[in-house]
Amino acid sequence: MKQSLSDRLALLSDAAKYDASCSSSGAGKRDSAATKGLGSVSNGICHAFTPDGRCISLLKILLTNFCIYDCAYCINRSSSNVPRARFTPDEVIWLTLEFYRRNYIEGLFLSSGIIRSSDDTMSQMVRVARELRQTHKFRGYIHLKTIPNASPALLAEAGLYADRLSINVEMPTERGLADYAPQKHASEIRQSMGEMRTHIDAAKDRTLTGRKAPRFAPGGQSTQMIVGADQATDRDILSSSSSLYTGYKLRRVYYSAFSPIPDASAILPIRPPPLLREHRLYQADWLFRFYGFQFSEITAARTDGMLDLELDPKLAWALANRALFPIDLNRAPREMLLRVPGLGVRSVQAIVAARRHRHLRLEDLAKLKVSIRKIKPFLYTTGWSPGRLADQQNLRQLFVPHPRQLALF
């Protein structure tokens, strides 16, 4: 039976949901097929956020969910019996342009299973981006999920047309990748990331003639790893992220909690990890990228190598390092203020700027809309000293969420 374009769009947009690189979470589920009310949109449209905070809509699809690889954690693996579908490059181009003309989207997120070979699949994805840019003068956002063992020439050409490139490391450790995706090799993934970094860095430099180098993936590169499919601890995951950020200058590492799939391999866990674990990893990632923490110190206090699910990583670190607190609100360096639970980057910037002109008190922090209850044990100023509160043995209990009775009706 021949599949219609809308049927294939439904299949391949649903298959693309496992790529977390441009996902927006926390919203309720909406059935666009059952209702045509306000806010109902077509299959394949997802939301992403730009560095300046804008929310943009993207057409997020796979070129195909056929795949020659048999990765245990992937619903589209070759041994899976899921319904299969495929777009031609011309169909993806047409869909992108038509959605864009109707103001449904502002760009394209394109990924794919591997068909025939890595080079064959990558060449089709590059063709989509090339024709959108050169033939149709498309100026919207393009994100390509590249294939690591495709030829370097194809990967280099992809960066000429895409705003961002991403190569998934899949599993946090090389051992995990070997066990769950034996057809993929960590060395090939890292090599492709290294080549991408070289091209991205070169595009930022001036040529010998003084002219700017050709545009190459100005949005940088990102990656994604699966959490909870193997035995990797949070310390293992964050250690891998640290090497990716420092070694390849990635813009983002995305963490995707493993979700059980039909006809799963026996080596996979029966139950998914708690989604709160994924959330804590993102919080730890944020501390590394914006707060000056090292990943190794975030999990140093836990012998099991896992993040505390009851407390956010910054608060858990502060409680484990209480000898460093309280600090002087008006004299502590910016680096220490960033480590105070309840103070964000903007709050610290405002504090540092304000205390050049006046002496700050606890009441002044309330105007910045910070959590006074959270910061009280960790700093002092005129009119406030935590006193015995800072030495309280059960200080942790002040922050642990209280258990709640589930509603029966």
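Visitor: How do α7 and α8 pack, and at what angle?
Guide: This is a predicted model. In it, helix α7 (residues 234-248) and α8 pack at about 40 degrees. Their axes are 11 Å apart.

Visitor: What do you call that orientation of α7 and α8?
Guide: Oblique. Angles under 35 degrees would count as roughly parallel, and about 40 degrees is the angle here, so α7 and α8 are oblique to each other.

Visitor: Is the crossing of α7 and α8 left-handed or right-handed?
Guide: The α7 and α8 crossing is right-handed.

Visitor: Which residues meet there, α7 against α8?
Guide: From α7, D234, I237, L238, S242, Y245 and T246. They meet R277, L281, A284, D285, F288 and R289 of α8.

Visitor: Switching to aromatics. How many aromatic pairs does a search of the whole structure find?
Guide: Ten aromatic pairs turn up. Take F293 and W317: the ring centres are 5.2 Å apart and the planes sit at 85 degrees.

Visitor: Why is that pair edge-to-face?
Guide: Planes over 60 degrees apart count as edge-to-face. The F293 and W317 planes are at 85 degrees, so the pair qualifies.

Visitor: Where in the chain are F293 and W317?
Guide: F293 is in the loop between α8 (275-290) and α9 (295-298). W317 is in helix α10 (residues 313-320).

Visitor: F293 and W317: buried or exposed?
Guide: F293 is buried, at 1% relative accessible area. W317 is buried too, at 6%. The cut-off for buried is under 20%.

Visitor: Which residues form the aromatic cluster?
Guide: F293, W317, F325, F378 and F399 form one cluster.

Visitor: And which charged end sits over the ring of F293?
Guide: That of R339, 4.1 Å from the ring centre of F293. The charged end of R339 also sits over the ring of W317, 4.9 Å from its centre.

Visitor: New topic, α4. Which of its residues are buried?
Guide: In helix α4 (residues 152-161), the buried ones are L154, L155, A156, A158, G159 and Y161.

Visitor: What covers them?
Guide: The cover over the buried residues of α4 includes α3 (118-135), β4 (141-145), β5 (164-166) and α6 (186-204).

Visitor: Last one, L12. Where does it lie, and what does it touch?
Guide: L12 lies in helix α1 (residues 5-15). L12 is buried, with a relative accessible area of 0%. Beyond its sequence neighbours up to four places away, L12 touches I61, L62, L63, T64, N65, A85, R86 and F87.

Visitor: How many Å separate the C-alpha atoms of L12 and R361?
Guide: 56 Å, with the two residues 349 apart along the chain.

Definitions and conventions. Residues numbered from 1 in each chain as written. Predicted model: local features only at pLDDT ≥ 70, side-chain atom pairs only at ≥ 80, totals over all residues. Heavy atoms only, no water. Phe/Tyr/Trp six-rings, centres within 6.5 Å; stacked < 30°, edge-to-face > 60°. Helix = DSSP H or I, 4+ residues; strand = E, 2+ residues; numbered from the N terminus. Buried < 20%, exposed > 50% of the residue type's maximum accessible area, 1.4 Å probe, protein only. Lys NZ or Arg CZ within 6 Å of the ring centre and 35° of its normal. Axes fitted to C-alpha atoms, helices over the stretch in contact; angles between N-to-C directions. Parallel < 35°, antiparallel > 145°, perpendicular 65-115°, else oblique. Left-handed = near helix turned anticlockwise from the far one by under 90°. Contact = heavy atoms within 4.5 Å.
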